[in-house]
Amino acid sequence: MLNFEKINSLAVSLLEKAPGFAVSIFTDSEVIFQKGYGSTNTEEQGVDITPATLFRIGSVSKTLTATLIIKLVQQGLLELDRPIKESVPELKLSFTGAVEITTLRMLLSHTAGLPDGGDLFGSKDNDALEKYVREEVPNLSFVAPPNTMYSYGNHSINLAAYVAERVAGKRFAQLMNDEIFTPLEMNRSMYDPLKAMTYPIALQHEKSDEGSFRVDHSFPENAACHGSFFCISNTADMTNFGQMYLSYGRYNGKKFLSKESFQEIFSLQANRYTLPESSIGLSWIKEFDKGINYWWHSGGIGTYRSFIVLIPEHNIGVFTAASNNVGWEIVEEILKQLVSLSEEKQSWSEPNLDIIKASCGNYLNAKSGLLTIEINQDPCIIHNGRNFSIRCLTDDHIVGVDDNEEVQVSIGLINHPDYLMVNGSPSKKIIEPLTKLNSDTITSFFGDYQQGEMVYTFYLDGDTPTFFDGDDKLPCTYLFKNKFFCPGYGLLEFDEDNLKIQNAWQFVKQ
């Protein structure tokens with residue numbers, strides 16, 4: 001039995017980190033804890049957060065989009081393993097041959113090789129998704145060959161959303177309303193920000209240097225990315241969604257997903273090569289930690305954060321939404337209460353030096369930076385300037401550990417000459433020398449960079465290049481050429497008057 005008093009006490013303490021958030025804990029048939037905390041707005045018009053309060057839920061939207069796709073498969077309008085070119089004949093992709101083999105299964109499992117990205121601010125027009133697929137998607141550079149490895153990204157889900165739009169003959173938002181929101185009684189879930197503003201809605205908040213919260217007076221909107229990270233919802237609605245999954249596809253006693261559809265959603269598609277161990281289904285991540293399996297997805301857009309977690313063996317679901325970066329603390333507390341905290345010491349297998357030797361070299365990863373595998377006297381890993389010893393879980397999964405035997409980097413050796421996985425993301429081998437720039441050139445990178453209302457500052461704090469995101473001052477590691485690694489943000493690349501984060505999001509120098 002969960003200790004709700006402890007959970008509530010933890011939630012109250014999180015108001016130091018976020019001005020407003022909401023939590024729902026549920027089973028397949030009842031809500032066992034649901035509460036709002038804080039205010040929608042720390043300025044003059046704020047009201048108390050309740051389970052009905054709206055939030056942007058970020059990439060948790062992907063689980064909704066995947067559910068829509070599987071519903072259309074169930075209706076016979078789509079097939080997971082047919083090339084999407086059959087539904088979108090004019091589709092163009094930059095990787096040679098990709099358009100002929102890319103399927104919905106690849107898109108929903110993030111194995112199509114498309115990059116992450118998607119602008120926070122873009123077109124609000126009804127045809128924004130269509131224009132995006134016609135004008136932007138053909139120019140996207142692939143991060144890996146299709147159907148080779150897991151590579152999380154928004155563009156895959158956006159493209160899947162467009163395929164749904166084409167075969168159903170309805171705009172994506174209307175399709176979601178008809179197929180998902182209405183039958184699951186998600187009456188305040190939507191993609192229209194103007195309609196959302198007619199209900200109580202939590203606003204984004206940033207934290208000042210003094211520790212107080214201030215409203216970020218912007219509201220990201222880009223209709224082309226509705227499928228991947230732009231849904232607006234609340235804890236009450238997302239509870240209905242989670243209960244449908246805990247009920248194995250049933251809602252209010254009626255079949256919503258067939259047994260076959262439900263199994264497809266949670267069929268494992270690719271190893272993410274992380275610790276704790278995790279794999280990907282169709283837009284749901286499966287994780288095994290401390291002896292418990294659970295399915296989850298997180299969401300972040302601007303300062304909004306959300307999490308949905310399903311723990312079927314305990315018939316427990318959790319959803320949190322916040323106007324700043326909190327929520328996972330609640331999930332961790334629930335997991336602690338459900339499982340024993342005693343953990344066996346990680347056991348390692350003998351390294352296969354032939355496999356490791358074949359993977360030696362330098363690799364660049366948009367999310368986790370620069371990694372080098374070397375074999376001199378002893379095999380070692382260098383990750384963003386730090387040296388680690390190699391330990392092996394299996395022949396194809398190695399990790400880098402520090403002097404305390406704590407895992408700092410997790411690597412999947414996927415039997416490909418040019419790629420491996422680093423901390424759950426694809427890394428590509430670098431052949432050219434890792435040349436360094438002089439200090440004067442690096443100094444020219446310092447300044448403010450902006451996209452819409454979002455502003456980041458890159459500057460020198462003493463001798464350390466530092467990235468300020470409005471809340472935290474993050475020390476960065478210089479890698480090579482114009483590239484730095486920033487914890488929490490990944491690869492920073494500077495080019496003339498632009499900053500590109502994770503090789504996906506571009507900001508202009510002011």
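The largest nonpolar core holds 102 residues. A nonpolar core here is a set of buried Ala, Val, Leu, Ile, Met, Phe, Trp, Tyr and Cys residues joined through side-chain atoms within 4.5 Å. Buried means under 20% relative accessible area, exposed over 50%, and partly exposed in between (1.4 Å probe, protein chains only). Leu64, Phe241, Tyr245, Phe458, Phe467 and Leu492 have the most contacts inside this core. Helix H6 (residues 154-168) gives the largest share of it, seven residues. A second, separate core has 36 residues, including Ile292, Trp296, Val318 and Leu335. In soluble globular proteins, nonpolar side chains tend to be buried together.

This is a predicted model: local features need pLDDT of at least 70, side-chain atom pairs count only at pLDDT 80 or more, and totals for chains, interfaces and linings use all residues. Residues are numbered from 1 along each chain as its sequence is written, and side-chain values use heavy atoms, with hydrogens and water left out.

Tyr245 is in contact (heavy atoms within 4.5 Å) with Thr67, Leu257, Phe262, Ile265, Phe266, Trp284 and Leu310, leaving aside neighbours within four places in sequence.

The protein chain has 14 helices and 31 strands. These are DSSP runs numbered from the N terminus: helices are H or I of at least four residues, strands E of at least two. The radius of gyration is 23 Å, close to the 24 Å of the globule rule for 510 residues, so the chain is as compact as a globular protein of that length. That radius is taken over C-alpha atoms, and the rule is 2.2 Å times the number of residues to the power 0.38. Along the principal axes, the C-alpha atoms fill a box of roughly 65 × 55 × 50 Å. Buried residues make up 54% of the 510. Of contacts between residues at least 6 apart in sequence, 61% join residues at least 24 apart.

The peptide bond from Leu275 to Pro276 is cis, with omega near -5°. Pro276 sits in the loop between strand S9 (270-271) and strand S10 (277-280). Most residues other than glycine have a negative phi, and most peptide bonds are trans.

Asp403 lies in the loop between strand S19 (397-401) and strand S20 (407-412). Asp403 is exposed, at 82% relative accessibility.
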